[in-house]
Amino acid sequence: MEGKPFVLELNADGTLRTGWTNYEQTMKEGAWSVANGTLVLEMEYTSTITENAEGGLNIVVNYGQMGEKTYTMTADQAKAILN
């Protein structure tokens, strides 16, 4: 895919921004939180979050007609955000 990438930004204030940066209309705001040690994303797009073999997280976001995109969080990143 040429040009700018899909992004999933988790901000320190509990907000998030995601979408395809080439098309501003796909960029959506949302929120994230941690409940019972699990990352929770609240946004227009659906997502699935699973632990990967390295102890990090795989976050799959379904962007509808634009398809799915997988974001990977390292074990250190996951530990920092979940604890």
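## The four-stranded sheet

In this predicted model, four strands pair in an antiparallel manner to form an open sheet in the order E1-E2-E3-E4. Strands and helices are DSSP runs numbered from the N terminus, with at least two residues (E) for a strand and at least four (H or I) for a helix; two strands pair if DSSP finds at least two bridges between them. At the edges stand strand E1 (6-10) and strand E4 (38-42), each of which pairs on one side only. From one strand to the next, the twist averages 25 degrees. Axes are lines fitted to C-alpha atoms, for helices over the stretch in contact, and angles between N-to-C directions run from 0 to 180 degrees.

Within this sheet, four bridges join strand E2 (residues 15-20) to strand E3 (residues 28-35) in the antiparallel sense. Thr15 has Ala31 in E3 as its bridge partner. Helix H1 packs on the sheet and touches E1, E3 and E4, with its direction at about 80 degrees to that of E3.

## The three-stranded sheet

Three strands form an open sheet in the order E5-E6-E7, also with antiparallel pairing. Strand E5 (46-51) and strand E7 (68-73) are at the edges with a single partner strand each, so one side of each has no neighbour in the sheet. Neighbouring strands here are turned by 20 degrees against each other on average, direction ignored.

Strand E6 (residues 57-62) is joined to E7 by six bridges, and the two run antiparallel. The bridge partner of Asn58 in E7 is Thr72, while that of Ile59 is Tyr71. The hairpin of E6 and E7 has five residues between the strands, and Gly64 takes a positive phi near 65 degrees in this hairpin. Helix H1 (residues 75-82) lies across E6 and E7, at about 85 degrees to E7.

## The nonpolar core

A nonpolar core is a set of buried Ala, Val, Leu, Ile, Met, Phe, Trp, Tyr and Cys residues joined through side-chain atoms within 4.5 Å, where buried means under 20% relative accessible area (1.4 Å probe, protein chains only). The largest such core has 17 residues, of which Leu8, Leu39, Leu41, Ile59, Val61, Tyr71 and Met73 touch the most other members. Two or more residues each come from E1, E2, E4, E6, E7 and H1; the largest share, three residues, is given by E6.

Beyond its neighbours within four places in sequence, Ile59 is in contact (heavy atoms within 4.5 Å) with residues including Leu8, Leu39, Thr48 and Met73.

## Basis of the description

Residues are numbered from 1 along each chain as its sequence is written, and side-chain values use heavy atoms, leaving out hydrogens and water. Local features need pLDDT of at least 70 and side-chain atom pairs count only at pLDDT 80 or more, whereas totals for chains, interfaces and linings use all residues.

Methods. Buried means under 20% relative accessible area, exposed over 50%, partly exposed in between (1.4 Å probe, protein chains only).
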